[in-house]
Amino acid sequence: MKELLFRNKKAFTRYLIGCTILITEFVLTNYAIARLVGVVQTKDLGGLSRGLVLGLVSYIYAALVFILSRHLRIGFMRDTTLLIRMEAFEKIMTKTMRSFNKKLRTEYISNLVNDINTFEGKYFHALLNLIFGFTIYSVSILILFYLDVTLALAMVAVSLFVFGVSRSFQKKTIRMQEEVQRSNEKYTVNIANTFSGLEILKLNRLEDRFLLQSMKETDRLERRKAGYNVFTFWQQRFSGFLGTIISILIIYYVIRRAGTSYDLTRLMFTVSMASSTIWPITEIMPLFNVLKSNANIIERILAPDEDGQKEEEVQDYVFKDRIEIRDLSFAYDERPVLSRASLTLEKGKKYLLKGASGAGKSTFINLLSKVYDNYEGEIRVDGVDLRTIREESFNASASFIYQDVFLFEDTIRNNIELYRSYPEKDLEKAIACSGLTSLLAKRPLGLEEAIEENGRNLSGGERQRIAIARAIIRNPVILFADEVTSSLDESLGRLVEDTILSLDTTVIAISHRFYRGVTEKYDAVIEIVNGTLQLFTMEEYLRGEGHE
Ligand SMILES: Nc1ncnc2c1ncn2[C@@H]1O[C@H](COP(=O)(O)OP(=O)(O)OP(=O)(O)O)[C@@H](O)[C@H]1O
């Protein structure tokens, strides 16, 4: 956090000046009041008019200083929050997929929206008050040492005591703020899930049930927030109570001294300076806990990835001959999916991946594509341990086609090329191979036609074809396809599967469809049975030697 605050030193200095400049009007106003009160003792009318002029000047000065202070502070607050937003976003975008998949998408959204908004609202308010409070405290203590050394020493002792009391609340404040953050995440996940399934909920008249669930989640969140606010409020009230007792003791002490050597102006000024040391230590100390708990959340969001690019990931993905899988075992928590599975994949061959629902087909693809690396056994690409291959290099060599297609709000061209430029003939080939030619012919702007948010102006099959063109144009070394033809009609499905099978690349495809005359072109079938990988030639599989 400190590093972020100090990054733009000039802006931070302006911010500090903005926070501390208020002290001048604070001292001037207190002195003006003390002068006016002093007139009661001296009964000097000239002194009264000078005191009134001083009061008026300090009033105007206070207004001007306040405007200047805001002006100096506001830019820094805006820039720092913007920097945090950008860094948090960049951090998410540059995560490896392995690390990204550790949290739900909506949890990241909650971090970017809820947590940074909370930080913006609370952190700078606490920081301003802390800096201002600390300045008031320092200046008041210095003046107090000049006015009354004994009182000044007593105030230093009291501040250390209150600081100790306040510190004892810190752990709980931080824990409560973390609970609010987790509740915010849960709430966002809940809302996102409800919205994405709203159609199904309405069709089945389940809205009320989910509404109730969302309300419970909202209630829990609001309770946690209220708990946190009440706890910090009571910290301040408790400190305030200590402050009142100390104030009474100060007044008692000063009145006793008044009889001896103090005039009324000095007495008044001593009381106000001593009180000015109480306010920062009693009211402001609890804000230190608020500051710390909010900074902790942001530090965690911006912390370097523990599971990012690993040191051992040093090799490029070069697949020239074979991928060897030996004794591969993988489990989600305690639930095994693969156990001591072995297989060799040859470059350029087309593999059809089969197995009952839940057998582990998607998991197997995730293991081959570095999404999970907490497996036992070995996956070696031309003898190189897959774990030592850089994710970036792997991503540059592999293409994926999933059932769920992600499209940008941009032209069809940019959705296929993903903002890279390819030779026109490669683009034409990808369009023809993916069966997009007829779609483009129907659109007046062709490739330059705009796609709306996540392709809602396209049919499921059209979206799928764009995803296929996107995968083909990259000319991948290895292509993973998961139920690519599931949303296409028979003739288009045949065309797409035939195209994939004619590509000069290694293909590993999950498909439940059987297109006579096309599916037979796969070189082999991998079947996952009871956690093992069984390899069949197409002839063997068709003879019924596989399990399906
Ligand atoms: N992220 C996960 N956490 C825990 N368990 C998971 C996770 N993903 C999958 N599983 C479980 O692992 C097993 C294999 O899942 P996987 O998705 O690989 O199967 P699949 O063969 O692709 O299934 P389908 O054909 O139905 O898509 C299933 O029992 C599934 O419930």
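A: A helix crossing is called right-handed if the near helix is turned clockwise from the far one by less than a right angle, and left-handed if anticlockwise. The model is a predicted one, in which local features need pLDDT of at least 70, side-chain atom pairs count only at pLDDT 80 or more, and totals for chains, interfaces and linings use all residues. Residue numbers start from 1 in each chain and follow the sequence as written.

The helix contacts come first. Helix H3 (residues 22-42) packs on helix H6 at an angle of about 45 degrees, and their axes are 10 Å apart (axes are lines fitted to C-alpha atoms, for helices over the stretch in contact, with angles from 0 to 180 degrees between N-to-C directions). This angle makes H3 oblique to H6 (under 35 degrees is roughly parallel, over 145 roughly antiparallel, 65 to 115 roughly perpendicular, the rest oblique). H3 and H6 cross in the right-handed sense. On the H3 side the contact is made by Leu22, Ile23, Phe26 and Val27, and on the H6 side by Phe132, Thr135, Ile136 and Val139 (contact: C-beta atoms, placed from the backbone, within 7 Å). By class, the contact of H3 with H6 has 7 nonpolar residues, 1 polar residue and no charged residues (Ala, Val, Leu, Ile, Met, Phe, Trp, Tyr, Cys and Pro are nonpolar, Asp, Glu, Lys and Arg charged, the others, Gly among them, polar).

H6, which spans residues 105-147, also meets helix H7 (residues 149-167): their axes come within 6 Å and cross at roughly 145 degrees. Here H6 contributes Ile141, Leu144 and Phe145, while H7 contributes Val149, Leu151, Ala152, Met155 and Val156. The contact of H6 with H7 contains 8 nonpolar residues, with no polar and no charged ones.

Another helix pair is H2 (residues 9-20) with H4 (residues 45-93), packed at an angle of about 140 degrees with axes 8 Å apart. H2 and H4 are therefore oblique to each other, and their crossing is left-handed. From H2, the residues Ala11, Phe12, Arg14, Tyr15, Ile17, Gly18 and Cys19 meet Ser69, Leu72, Arg73, Gly75, Phe76 and Asp79 of H4. Sorted by class, the contact of H2 with H4 holds 7 nonpolar, 3 polar and 3 charged residues.

Strand E9 (residues 524-529) pairs with E10 in the antiparallel sense over 6 bridges. Ile526 stands opposite Leu535 in E10. E9 and E10 form a hairpin with 2 residues between them, and Asn530 in the turn has a positive phi of about 50 degrees.

Another open sheet has 4 strands in the order E2-E1-E4-E5, with antiparallel pairing. Its edges are E2 (335-346) and E5 (384-385), each with a single partner strand, so one side of each lacks a neighbour in the sheet. E1 (residues 322-332) and E4 (residues 376-381) run antiparallel and are joined by 5 bridges. Ile325 has Ile379 in E4 as its bridge partner, and Glu324 has Arg380 in E4. E4 also runs antiparallel to E5, joined by 2 bridges, and Asp385 in E5 is the bridge partner of Arg380. E4 and E5 form a hairpin with 2 residues between them; in the turn, Asp382 has a positive phi of about 50 degrees.

Note on methods:
Two residues are in contact if their C-beta atoms, placed from the backbone, lie within 7 Å. Two strands pair if DSSP finds at least two bridges between them.
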